[in-house]
Amino acid sequence: MIHRRRFASMLAVSLVFSFAASVIAAPASAQTVDVIRVATDATFPPFEFFKDGKRTGFDIELIELLAKTMHKKVEWTDIDFKGLIPGLVSRRFDVASSAIYITEERRRVVNFTDPYYPGGLVVLTKASNTAIKQPSDLAGKKVSVQVGTKSANYLKEYYPQAERIEVEKNQEMFNLVEIGRADAAVTGKPAAIEYAKTRPGMKVLDKQVSVELYGYAVRKDLPQLTEEMNAALKKVKLDGSYDKLVQKWLSSAK
């Protein structure tokens, strides 16, 4: 499955801003030359998820490919999505890889690599639902979203008449629609399409809620790492290895 994601909640972003300056002035936590510490919320197929006890997905394999190209190893950390940006600011890790949308709000506290995949927010609902035919029909409806993601804040800002149901995990968001406790879910296009593909009773509206770009978030105090990742990204796109990963993981989400 695929997408989310993701826009830090206004509360989380406010907390980040409140202590970002003091953190920037503090000594950097150890980052070895040959290791990149990467955090992810591996609950968002097909970008990152666990299968047979192993972390896998498009983001996971692409990060590993970039690291190999940079002659580095990856040290993974699993964390809830809402903690990714604050964790970067507090230097718990170096990179956040979790289908994160590039936003100006986030750029205030972290750097981003060049975009590595286009996405966007879409509406997922039951195939039998005839009341929701386009995003504007969300007004007055119960809509599930994952807390801390761009979906939650986008819905709050542009669809205030929708009744938001915020949940911690991506799967919960989908489950609420299937059992009828929510009329629809708003999430990333790849994840929604992948989920609907495995659930015949679900559908994704053709009209997108928004168009977004995915990027890897990097600590502000590691500009060289951002540059190295961008160089590696360009290289794997040129040699065809990037396209192989897209075909493997995301071909059904276009």
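Guide: Happy to. Let's start with a definition: a salt bridge is a side-chain nitrogen of Lys or Arg within 4 Å of a carboxyl oxygen of Asp or Glu. Do keep in mind that this is a predicted model, where local features need pLDDT of at least 70, side-chain atom pairs count only at pLDDT 80 or more, and totals for chains, interfaces and linings use all residues. Residues are numbered from 1 along each chain as its sequence is written, and side-chain values use heavy atoms, with hydrogens and water left out.

Visitor: What makes D80 and K169 a salt bridge?

Guide: Their side chains meet at 2.7 Å, N to O, and the cut-off is 4 Å, so the pair qualifies. D80 sits in the loop between β5 and α3, K169 in the loop between β11 and α6, 89 residues apart. Helices (H or I, at least four residues) and strands (E, at least two) are DSSP runs, numbered from the N terminus.

Visitor: Why is D80 called partly exposed?

Guide: Buried means under 20% relative accessible area, exposed over 50%, and partly exposed in between (1.4 Å probe, protein chains only). D80 comes out at 31%, so the label is partly exposed. K169, at 27%, counts as partly exposed too.

Visitor: And what makes S144 buried?

Guide: Its relative accessible area is 0%, and the limit is under 20%, so S144 is buried. S144 is in strand β10.

Visitor: How do you know that the side chain of S144 makes a polar contact with M173?

Guide: A polar contact is a pair of N or O atoms within 3.5 Å; within protein, one must be able to donate a hydrogen and the other to accept it, and residues adjacent in sequence count only if both atoms are side-chain atoms. The S144 side chain reaches the backbone oxygen of M173 at 2.8 Å.

Visitor: Which residues of helix α9 are buried?

Guide: S241, Y242, L245, V246 and W249. The face turned away carries the exposed residues K244 and Q247.
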